[in-house]
Amino acid sequence: MDTSKHTELVNHAWSVADLLRGDYKQSDYGKVILPFTLLRRLECVLEPTRDKVQAQLERFKNNPGIDPSGFLKRASGQSFYNTSDYTLKKIADDPAHAATHLNQYVAGFSENAREVLEKYEFAQQIKRLDGANLLYKVIGKFADLDLHPEVVPNHQMGYLFEDLIRKFSELSNETAGEHFTPREVIRLMVNLLIAPDKAALNLPGPIRTILDPACGTGGMLSAAEEYIKSYNKDANVEVFGQELNPESWAICRSDLMIKGQDPDHIAFGNSFSDDGHKNEKFDYLLANPPFGVEWKKVKEEVEYEHNALGDSGRFGAGLPRINDGSFLFLQHMISKMKPVQPDGSGGSRIAIVFNGSPLFTGAAESGESKIRQWILENDLLEAIVALPDQLFYNTGISTYFWILTNHKDKAHKGRVILLDARDYWVKMRKSLGDKRKEISNDQIADITRLYGEALSVAADPDHPLHGKVKVFQNEAFGYHRITVERPLKLRFELTEETLAALEASKPVQKLAEKDQLVKALRPLLGTTWSTKNEMLDALISAVAETGLLWPSSTPFAKAVRDTIGVRDPEGEVQKLRGGAIEPDPELRDYENVPWVENVEEYLKREVLPHVPDAWIDHDKTKDGYEIPFTRHFYVYKPPRPLTEIDAELKTLESEIQELLAEVAS
């Protein structure tokens, strides 16, 4: 690419900002510059076939019953066309009628091009610019911008548009965080997604399809296409996407139109409730969905598909919490993987960006746990790669790549790679929002190489790889959620407090003679008993001496035991009917025991040395899956010596005293 020409084109388009300054906020410049850049590119692309389109239009003038759009597209040689006689140059030469003529010009475009401009709210921008007496000046600027394909090829036009998008993203941190994924993150993600298929991509004329169901402005789709083309310039790459934000959808669709791809491949709407690519399958799928976004708005549609279609739908594995739809995106993508054929062909690869939550959130048998279980038991998870924090514009939290495939090689079947890339970063010269770190080109190459090595040694889980890679069997992430019980131990005492608690209990409150009962027990205040039977004998005798009958209901007996009884480690062990030991709910604990371990052996080793009277209630055991990434890479760091800390505190104290002395003087 001619970098000087590229810079000249970007600066020419960006120079329109000088006209907008004062009438537009900086963050709104893109609402003018991006659609006008698109408009000028479309005009330049269509220029050679304008006469053919007009001639074809003339043929259908007297045949109103026939839709000419297909014929007009063929005449234009593109997936879009324009039937107007206007050009930006003609419109700029008549300032008084610029708004009217520009609206007529836009109306002459085919519906797919017109729809993109509508999502930019282009008609409102025309009105606003005209009201500020800027419209003809802006049109004139773009009429002089030479974007003909022979001057600016499709790939270079893509870079130009991407650079303009980046400039606007950097003007507004909110926009950047919502609609823009850092370029180096995309490059690394695409590397890990596609690199294992390098050999197949080098074959003559490969055909590949790519989907991003949360495509934003299309950066990931562009990078994936570029990556494949770098291996084989003759590869046929088709990109598909879906986006909910109107402006981002318009930008992505514009990018495809500019590059000569089919803009109809980018669907508008919510991927969960309005799947824009139903029943379609893709070779590669990648996404950076919004972190922790609730799916309440599409709850009805998602739950219906889950309940009615089960495994034949997209969400059969399970439903996550309502406030985090991350796993819905992943299940949606998995449903669009190509099946593996008997001859070994077919199959797909997935890469998605998550925060840490999908790794472990959700207890055993929760929706998240069931989804992890389904993914691992179907052997779809190839790897998880931990990234540095402060890498994204709108969040400083740590993030992870999940890489999935349904055609693992033989050596890697039943295994998952964990790769720790958290230390692979360099500090940015200037922060952008929450983004203070970036991954350098050399580090991208190092991580990609390390990932390739990990794939090659997946059959050897004990193989050391610089301490940054660990390989586990799928079963290693399964666990039994055991309930550890301890006996309820009580001593019994009648005090003002325990008597008041007994009096306030529901069974006593229902008694007609409750006041007499309490009065009969008062002489026993201050008495303690070691066993429940001793306590009951004393209480029953005291009540009988006053001529009252001791209530025989089970709720009353329980109320007496629970209010007069006081927890005591040395107290009497309470028994249930039948003689079983009664567990103390306040001492109940839960442990996650890996599937590879025997739970009773775990109890003996980890629990009984500390609480010898504990046991497992096997009826309450649940199975779950989690991926405790940080635990597997935890390195113990001993605390600093106290003498070192003490010396540091004394130094700081001296510095503070000196500063206070300076202030006082």
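The exercises below each set a task and then walk through a solution.

This is a predicted model, where local features need pLDDT of at least 70 and side-chain atom pairs count only at pLDDT 80 or more, while totals for chains, interfaces and linings use all residues. Residues are numbered from 1 along each chain as its sequence is written, and side-chain values use heavy atoms, with hydrogens and water left out.

**Exercise 1. Work out how strand β5 sits among its neighbours and how well it is covered.**

Step 1: find β5 at residues 349–355. Helices (H or I, at least four residues) and strands (E, at least two) are DSSP runs, numbered from the N terminus.

Step 2: check the cover. Seven of the seven residues in β5 are buried; buried means under 20% relative accessible area, exposed over 50%, and partly exposed in between (1.4 Å probe, protein chains only).

Step 3: sort the side chains. In a regular strand they alternate between the two faces of the sheet. Here Arg 349, Ala 351, Val 353 and Asn 355 point one way, with Ile 350, Ile 352 and Phe 354 pointing the other.

Step 4: Two strands pair if DSSP finds at least two bridges between them. β4 and β5 run parallel, joined by four bridges, and Leu 285 stands opposite Ile 350. On to β7 (residues 399–405): that strand runs antiparallel to β5, with seven bridges, and Ile 352 has Trp 402 as its bridge partner.

**Exercise 2. Which residues does Asn 288 touch beyond its sequence neighbours?**

Step 1: Asn 288 lies in the loop between β4 (284–287) and α17 (299–309).

Step 2: check its cover. With a relative accessible area of 16%, Asn 288 is buried.

Step 3: list the contacts (heavy atoms within 4.5 Å). Skipping neighbours within four places in sequence, you get Thr 181, Met 220, Val 353 and Phe 392. Val 353 is one of the β5 residues from Exercise 1.

**Exercise 3. Find the residues that touch the most other members of the largest nonpolar core.**

Step 1: set the rule. A nonpolar core is a set of buried Ala, Val, Leu, Ile, Met, Phe, Trp, Tyr and Cys residues joined through side-chain atoms within 4.5 Å.

Step 2: The largest core has 103 residues, and Ile 33, Phe 36, Leu 102 and Phe 401 touch the most other members. Helix α3 (residues 30–46) gives the most to this core, with 10 residues.

Step 3: A second, separate one of 42 residues includes Leu 285, Ile 375, Ile 384 and Phe 633.
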